[in-house]
Amino acid sequence: MNSFGTFLRYVRKKRDLTQEQVAERLNIVTSVLSKWENDRAVPSLDMLCKLCNVLNVSIEECRSSELTDGERLLPPENYDPIKLGETIKDLRIKNDWSQAGVGKRLFVTSQTVSKWESGGISSLEILANLAELFGLTTTELLSGLERVRVLPEKQTAADRLK
C-alpha cells in the first residue's frame, strides 16, 4: 500500500492537475498541498472532504491509497462538524446505546463521545472507527446518510442512457 501522500500525488497527476490548480480550488497555498503529498502533514477533515471532491476520489480510497472502479460516494464538499455530531448521536440513540456504551466499545470516555456528538471529531481515524461501529462507510457517516453518487471517472450521463 502506498502512503496517503503518494496516493494523493498519483491521483492529482492522473487527473492532469497541477499542484497550483488543486491548491487554487482548495483555496490553500501550494506548499500545504506539497506537505500532504510528501507525508509531512495531513489535511483536516474539512480539507479532506474538499480534496476528495476536487480529485473525484472517496475517503475510503484515500484511506486505502487505492483507486477503485465504478461509482464513488463522495463526501459532502462542505464538511459540517455539527451535522456529523448530530448523525452520531442519532445513530447512537437508534442503536439504544448510551454515550458510555459507545465509549466502552471504542475505549474512550463518555465525555469524549459527548464531545464528538457536539461536533468535536478531529481525525479521520476517529471517524473511521465510528463508521465501523455503526456499520457504515466513513463517507456515509460524514454525509449524514445522504447518499450522493457520482458517475465513474470516464462515464458520462449520455453513456449511462445508452
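**View 1. Asp46 and Lys50 sit about one helical turn apart, four residues from each other in helix α4 (residues 45–55).** Helices here are DSSP runs of H or I with at least four residues, strands are runs of E with at least two, and both are numbered from the N terminus. The two side chains meet in a salt bridge, with 3.8 Å from N to O. That term means a side-chain nitrogen of Lys or Arg within 4 Å of a carboxyl oxygen of Asp or Glu. Asp46 is partly exposed at 26% relative accessible area, and Lys50 is partly exposed at 25%. Buried means under 20%, exposed over 50%, and partly exposed in between (1.4 Å probe, protein chains only).

This is a predicted model: local features need pLDDT of at least 70, side-chain atom pairs count only at pLDDT 80 or more, and totals for chains, interfaces and linings use all residues. Residues are numbered from 1 along each chain as its sequence is written, and side-chain values use heavy atoms, leaving out hydrogens and water.

**View 2. Glu61 and Arg72 join in a salt bridge, 2.8 Å from N to O.** Glu61 belongs to helix α5 (residues 59–64) and Arg72 to strand β1 (residues 72–73), so the pair ties together parts eleven residues apart in sequence. Both Glu61 and Arg72 are buried.

**View 3. Glu117 and Arg92 form a salt bridge, with their closest N and O atoms 2.4 Å apart.** This pair links distant parts of the chain, 25 residues apart: Glu117 in helix α8 (residues 110–117) and Arg92 in helix α6 (residues 81–94). Glu117 and Arg92 are both buried.
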